[in-house]
Amino acid sequence: MRVWKFGDNIDTDAIIPGRFLTIYDEKELAQHAFEGTRDDFSRLAQDGDVIVAGRNFGCGSSREHAPLALKGAGIRFILAQSFARIFFRNAINVGLLPLVCPQTDAIKDGCSIIVKEREGIVIAEGREYAIEPVPEFMYSIVEAAGLVGYAKQLKEAPVCTKSRR
Amino acid sequence: MGATIIEKIFSGRCRQDIRAGAVVMAPVDGAMIHDITGPLAIRKFYEMGGERVFDPRRIIMLFDHQIPADSIEAAKNHVYMRKFAAEQDIHNYDICEGVCHQVVMEKGHAAPGEIIVGADSHTCMYGAAGAFATGIGSTDMGFVLKFGALYFRVPESIRAEVNGRFGYRVGAKDLILSIAADIGADGATYKAIEFCGQTIGDLDMPGRMTCCNMAIEMGAKTGIVAPDQMTWDYVAQHREGIRPFALASDPDASYAGRRSYDISRLEPQVATPHNVDQGVPVGTVAGTHIDQVFIGSCTNGRFEDFFEAAEVLGIRKFSEKVRVIIIPASRDEYLKILRAGLIERFVAAGALVGAPSCGPCMGGAFGLLAPGEVSLSTSNRNFRGRQGSTEAEVYLCSAATAAASAVTGEITDPREV
């Protein structure tokens, strides 16, 4: 479970460049993740590795290819000080958990890490770091392997015009 | 406590009083899919058990990123989407109309008070029509195609009040680049930016579109301008049966932040590599070598942009050291510049004029940059690798600055040519 450390404002063009957007298979996308900006990632990333980043991770395009490429590379968790909005939703929708951790600056590239998301902590090099609690409905989507599993259970959407909350 | 325009849109569509922070399953009035994110959205629709879309009349399909098909894979995606459109009775504009956001505006698919989603981050542009419009991913879009609704967290708003008159050859793009530099790439994350003030009131629809288009570059969920007479006139020109109604934030609405800008002394702005919020006055980077100039995109690919570029160009030719690529944002805009004689002038001056599409902005189709090359572009993003090699650089600017620089062969203040 190694840490892949990134800085601030990691955009979706860096995660998966535009020329690979005709691909929809997550394993195939993973072969091009961070191509040109961090080439060792696609070669060396292993199942269960964790991305740790600064502010505004996933800014830019709405391409869902970005969280898919990371999922295909074996990533299950992304820790960042903050996330861009569309990426945040897309990650949850494909079954990848974005976790907000204010102290990611202290976590080093390449170190080993354990994520205890239910307990609200991560442990890196023997030190504990707090992560913000994840709303329960986010787990229900991630655990249904994304929004698709959730949507399958619905006959119709509970639109707020039909039944008042 | 009064409500913001965003809160009013959600309250109106959900028929209950809704405030920022609420998470609601809101009905969607319009949904747009294109050739990049559309195929995956369609797959998700089927995976969710979808058989018929919620309402084919509310769905817009078109291809703009990889057109005409630039690879066999892209062609296959187009075929897949065409088949879906035929099966579901969805109107497909196909490859002929132009860049999705411009087409949505022109064809009357966004109007004040509506909730519109698009599987593209610059969907926030339709805030210029007084709609709440936001970009979503493909899975969310699959859900929308099936159910005609989506979960939203109703955003808080940042009020950006702009006053003053633009100086010579300074305009909306310079304004929004300077606002992005002020607010920062994540300064408006999950919020709406409400543009207001005398300058915004005076700004034409293309200028308002440029501003709302780039709200996402500050992390915003949307940008919006409260509809005024200009908005209603524009929308009525593009959709039948539009009746104006009052829609604006209350004076005592609660905002997450307030910014005010006096633009009387604003200089032409250039966003430097590799972030949109790294805008500087053009003088700071004047003289920078450029290899390619791109005038186009959903941000600045309208008649007014090309008219301004042509005015700067005058009777000169573009520098032979620079590749100048000009791409109108839509067929309508193309026809306007064609009839105005601008295409002839651009081509005679040495530019390559392309058919309406996203062009080099998408970074995957054509007009790509080699390592070490520098592009000056009127589009919206200058991320590393956005227009080709990750070792290339992209600067962003207005059409006036792009044209001036294309004449001299280096980044140039448009007021000095």
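Which residue is the bridge partner of Met61(B) in E4(B)?

Modeller: That partner is Asn92(B). Before going on: this is a predicted model, where local features need pLDDT of at least 70 and side-chain atom pairs count only at pLDDT 80 or more, while totals for chains, interfaces and linings use all residues. Residues are numbered from 1 along each chain as its sequence is written, and chains are lettered from A and ligands numbered from 1 in the order they are written.

Now back to your pair. Met61(B) belongs to strand E3 of chain B, residues 59-61, which runs parallel to E4(B) and is joined to it by 2 bridges. (Strands are DSSP runs of at least two residues, numbered from the N terminus, and two of them pair if DSSP finds at least two bridges between them.) Zoom out and you get an open sheet of 5 strands in chain B, ordered E4-E3-E2-E5-E6, with parallel pairing. E4 (91-92) and E6 (132-135) of chain B sit at the edges with a single partner strand each, so one side of each has no neighbour in the sheet.

Chain B has another parallel pairing to look at: 4 bridges join E9(B), residues 192-196, to E10(B). There, Glu194(B) has Ile224(B) as its bridge partner in E10(B). Ile224(B) points the way Thr222(B) does from E10(B), residues 222-225, whereas Gly223(B) and Val225(B) point the other way, and all of them are buried (20 or more other C-beta atoms within 10 Å of a residue's own, with C-beta atoms placed from the backbone). In a regular strand, side chains alternate between the two faces of the sheet.

Definitions and conventions. Buried ≥ 20, exposed ≤ 12 C-beta atoms within 10 Å, placed from the backbone.
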